[in-house]
Amino acid sequence: MPAPLSSSIADAFTNLGEINLDEVPDLRRYLSWVPDPRGRCGRWYSLTSLLALCAAAVVAGSVTVEAICEWATDAPAEVLAALGIRRHPLGRRRSPSRRCLTSVLARIDGDALDRAVCAWLTARRAAPAGDGERAPGLRAVAVDGKTLRGSRNREGRRVHLLSAVDQDAAVTLAQRNVGSKTNETGEFKGLLAWMDLAGTVVTFDALHTVKAQAAWLVDVKGAHYAAIVKANQKHLYRQLKGLPWSEVGRGAQAAETGHGRSESRSVKVCGIDPAAGGLPFPGAVTAIKLHRRRQVDGEKRSRETVYAVTSLEVHQASPADIAALVRRHWAIENRHHLVRDTTFREDASRLRTGNAPRAMASFRNLAIGGLRLAGVDNLAKATRYNSRNPYRPLPFIGITPLPISRTFTHALTSRANSHHEQTQFHGEHYVDCYVKK
């Protein structure tokens, strides 16, 4: 039996949470699905090894292609060998150059890379533990888009990505590029087509509140939805606004205070009988009214009323569950997009060559998902922790350096501030021990 990971990781880095690296699938198996865009002549490094190298470096906090190359240059031979990097026969270069990586990422098949990364994250994802806010068994996926601000090309266009993100873990389950000749609505079905959504609640904002897409979710995918309604659906919006909400009691309410602001929210839920005419939207059986009051220190108090519809009936989700679905959809901006912009500096990146910006976004999704599914709460601290030892990112992507040698065991020993960090091997798992001086 392999020894479990030591809880001393959590003791030394309390914000990292309880680390769980049991049964992590080998990322290289999934990356092998990506077709190689290069010709056979002059190919020295395998595509799988180059992609695995990028993944390990981003898990260690590398935010640019140049930083990935620097991480690879500093990594010992055993780490590079575990990733599949071939050593140069004359010893002139043991890690790929920046030009090599940029060229490969620029020509990579972005759709294939996204499918491989998201398939690995789906296999890695554990069953959601829940936090008391959600009904048992109610799984939700949020659909939202994000623009890579630093990827503007000569025509002035930026890379825009549409993602399906698990609401519980804030892990990307699917991602698709929105081309210049279409928009997010046109990529909605293509994004979710390969996913098993039976019994899943798909949440999306008003841009995707389209009748054809709602009917496709309910009839073809067997899913539920919770859709924000605005003026783009004029008839539906007027009908929702005209319902007798004054006669409907508050189904749930909550208040929060912190970070210089206070916010209160209330939700009203009204079931609509389809036999009595129903709502002019496919599958909609429940109308929702959310009211938010927000007070920021030094600013005027604001109020906002939001209407939504869902295919969930009252017995399938309580008002508190529905309010949590909508709130978690909005929280994706902070739990996922903001992390990519702050911890991994996505908007600051000026990478514009070919598909390289999208490829780097895929690796950021992989790093965020891999760390979160391992139980990490503070991603910034986790990446700094991984950056101090090149062996540490490997277990997060399911790679164990073999064979284990004395040199390798000695390389895992490092000094950090007032502690000696000694990493030992037990079976296929790391045990990090923090011994005080």
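Modeller: Start with handedness: helix H4 and helix H6 make a right-handed crossing. Keep in mind that this is a predicted model.

Biologist: At what angle do the axes of H4 and H6 cross, and within what distance do they come?

Modeller: The axis of H4, residues 65–74, crosses that of H6, residues 98–107, at roughly 130°, and the two come within 9 Å. Angles over 145 degrees count as roughly antiparallel and 65 to 115 as roughly perpendicular. H4 is therefore oblique to H6.

Biologist: Which residues make the contact between H4 and H6?

Modeller: From H4 come Val65, Glu66, Ile68 and Cys69, while H6 supplies Arg98, Leu101, Thr102 and Leu105. Sorted by class, the residues of this contact are five nonpolar, two charged and one polar.

Biologist: Now a second pair. How far apart are the axes of H11 and H12, and at what angle do they pack?

Modeller: The axes of H11, residues 319–342, and H12 are 11 Å apart, and the helices pack at an angle of about 125°. H11 and H12 are therefore oblique to each other. The crossing of H11 with H12 is right-handed.

Biologist: What residues does each helix bring to the contact of H11 with H12?

Modeller: H11 contributes Arg335, His336, Val339 and Arg340, and H12 contributes Ala361, Asn365, Ile368 and Arg372. In this contact three residues are nonpolar, three are charged and two are polar.

Biologist: Let us turn to cavities. How many are there of 30 Å³ or more?

Modeller: A cavity is a space where a 1.4 Å probe fits but cannot get out. The count here is three cavities of 30 Å³ or more.

Biologist: Which residues line the second largest cavity, and which helix gives the largest share?

Modeller: The lining consists of Leu148, Gly150, Ser151, Glu346, Ser349, Leu351, Pro357, Met360 and Arg364. Helix H12, residues 356–373, gives the largest share of that lining, with three residues. By class, the second largest cavity is lined by four nonpolar, three polar and two charged residues.

Notes
Residues are numbered from 1 along each chain as its sequence is written. This is a predicted model: local features need pLDDT of at least 70, side-chain atom pairs count only at pLDDT 80 or more; totals for chains, interfaces and linings use all residues. Side-chain values use heavy atoms; hydrogens and water are left out. Axes are lines fitted to C-alpha atoms, for helices over the stretch in contact, and angles run from 0 to 180 degrees between N-to-C directions. Helices (H or I, at least four residues) and strands (E, at least two) are DSSP runs, numbered from the N terminus. Angles under 35 degrees count as roughly parallel, over 145 as roughly antiparallel, 65 to 115 as roughly perpendicular and the rest as oblique. A crossing is left-handed if the near helix is turned anticlockwise from the far one by less than a right angle, and right-handed if clockwise. Contact means heavy atoms within 4.5 Å. Ala, Val, Leu, Ile, Met, Phe, Trp, Tyr, Cys and Pro count as nonpolar, Asp, Glu, Lys and Arg as charged, and the others, Gly among them, as polar. On a 1 Å grid over the protein atoms alone, a cavity is a set of points where a 1.4 Å probe fits but cannot get out, and a pocket is an open set with protein on both sides within 12 Å along at least five of seven lines; lining residues have an atom within 4 Å of a point. Grid points are joined across faces, edges and corners, and a volume is the space filled by probe spheres set on the points.
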